Amino acid sequence: MVVALNHALQPELSAEDVARQRFVSGLRGFVLSDLAGDLRRAYDARVAPRFQGVHGRLPADGDEVHQALRTDPTFKAYSSLRVTAQKMVWDSVTPVVARQRAALETAAVAGADRLKLDSTVKVPRSVSAIDVHFMPGSYSGEGAAEEMAPGAIYDQGFAVFSMGLMGDNFNDIGRSMARYISRKFPDFHPQRILDLGCTIGHNTLPWKEAYPDAAVTGIDVAAGCLRYGAARAASQGVAVQFTQMNAEQLDLPDHSVDLVFSSMFLHELSLKSIARVFAEIRRVLRPGGLMLHMELPPNTQMGAFEGFYLDWDCYYNVEPFYKAFRDQEPRELCRKAGFAPQHYLQFVVPSICSYGESAVDAAVAAEEREVNKETTGRLSHGGIEWFGFGAWQDAAQ
Ligand SMILES: C[S@@+](CC[C@H](N)C(=O)[O-])C[C@H]1O[C@@H](n2cnc3c(N)ncnc32)[C@H](O)[C@@H]1O
């Protein structure tokens, strides 16, 4: 299912555009549900027993699962079709955005007062040198850095990619996380909220809705995404600021932010960059403030097959840092950055889009649930849960 964007930047789609996008979305659904099921069955029935025959034991980690699967025809069919579907996502939206450019330039005016670009911010090679998840031109775009096309391509691509599972305007992660935090910690009233690597702000906006009195800023290195994000937020009437900034060098005073959030950001950074980002977060957080990351669940908390299933993107979907990040223990990342071990926080929250707001409220009230190997962080029609981790800054600094 393709979601029609529910804001004024929704382009006019021809019948042909709609048919193409629906086909691609359906193909992704077929790969991620039906073929993924076939892959699991082939692994259990054929691949794992074959490995066991040779080694006298089952594959112990994702690397061994990958080695065992590589030559299997079901894995080849799954991977080949999934890569094809991923490329088709972008192919199905880039011509639409090309036709939409003039309208986007007009829309940009509405977002101008929410936008602060800084031409001295250098786009890291981890963004500019590769087409991250095959997105043409990556987040920073192929044309002039400040054009809105990369943001529009991302937004419309997400409509096809997400298969209707990420909510209205793809804010499901932000909504689920913000609802969980605001109900779990009712005495926490952040006044200044920062979203790192916000792209077009789809998961930034829900923080303003959860904490209407807070000043909420999304930062990113990609000017075109920010420009689009600001116009998109303006069209939805949400007062969020978009600022071009590198999360490794935050242009913010010490102890000036109450909540630093990121969503699906860390897995696109090298481990060295993550360490620099965490050091910056620790510097800018106020005493008693919260660092919170929504991320893919770590390999240490999953089975070997399921861990590899998520790491597939690292090998086949232009996500070079994915596995190295997922091999880390989040608690350790926080400790190494100087956060006190007793202030570590980790939880799994049901997606509002999959299960409704009442499920998030029930998770708030219940014992902390563990990572579900099959559903946490995995986009499929069976229902999704999001993994969150982070740490509180010491109350006294
Ligand atoms: C996977 S996207 C994040 C998606 C979004 N936060 C969400 O919730 O879906 C990663 C984003 O991080 C940005 N990025 C990468 N390195 C960065 C850095 N060092 N500082 C700020 N943004 C960065 C990229 O431009 C991209 O927009």
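The protein divides into domain 1 (15-91) and domain 2 (168-392), with bounds taken from an automatic or database domain assignment. The model is predicted: local features need pLDDT of at least 70, side-chain atom pairs count only at pLDDT 80 or more, and totals for chains, interfaces and linings use all residues. Residues are numbered from 1 along each chain as its sequence is written.

The C-alpha centres of domain 1 and domain 2 are 27 Å apart. Their contact takes 15 residues from domain 1 and 11 residues from domain 2; two residues are in contact if their C-beta atoms, placed from the backbone, lie within 7 Å. On the side of domain 1 that touches domain 2, two or more residues come from each of helix H1 (15-55), helix H2 (62-69) and helix H3 (73-91), and H1 gives the most, with 5 residues. Helices are DSSP runs (H or I, at least four residues), numbered from the N terminus.

The largest nonpolar core has 112 residues. Such a core is a set of buried Ala, Val, Leu, Ile, Met, Phe, Trp, Tyr and Cys residues joined through C-beta atoms within 7 Å, where buried means that 20 or more other C-beta atoms, placed from the backbone, lie within 10 Å of a residue's own. Helix H9 (residues 223-236) gives the most to this core, with 8 residues, and the core draws at least three residues from each of domain 1 (15-91) and domain 2 (168-392). Met177 is among the residues with the most contacts inside the core. Leaving aside residues up to four places away in sequence, Met177 touches Met294, Val349, Trp386 and Gly388.

The ligand is surrounded by 21 residues, each with its C-beta atom, placed from the backbone, within 6 Å of the molecule. The closest are Tyr139, Gly197, Thr199, Ala247 and Ser263.

How values were computed. A residue is buried if 20 or more other C-beta atoms lie within 10 Å of its own, exposed if 12 or fewer, and partly exposed in between; C-beta atoms are placed from the backbone.
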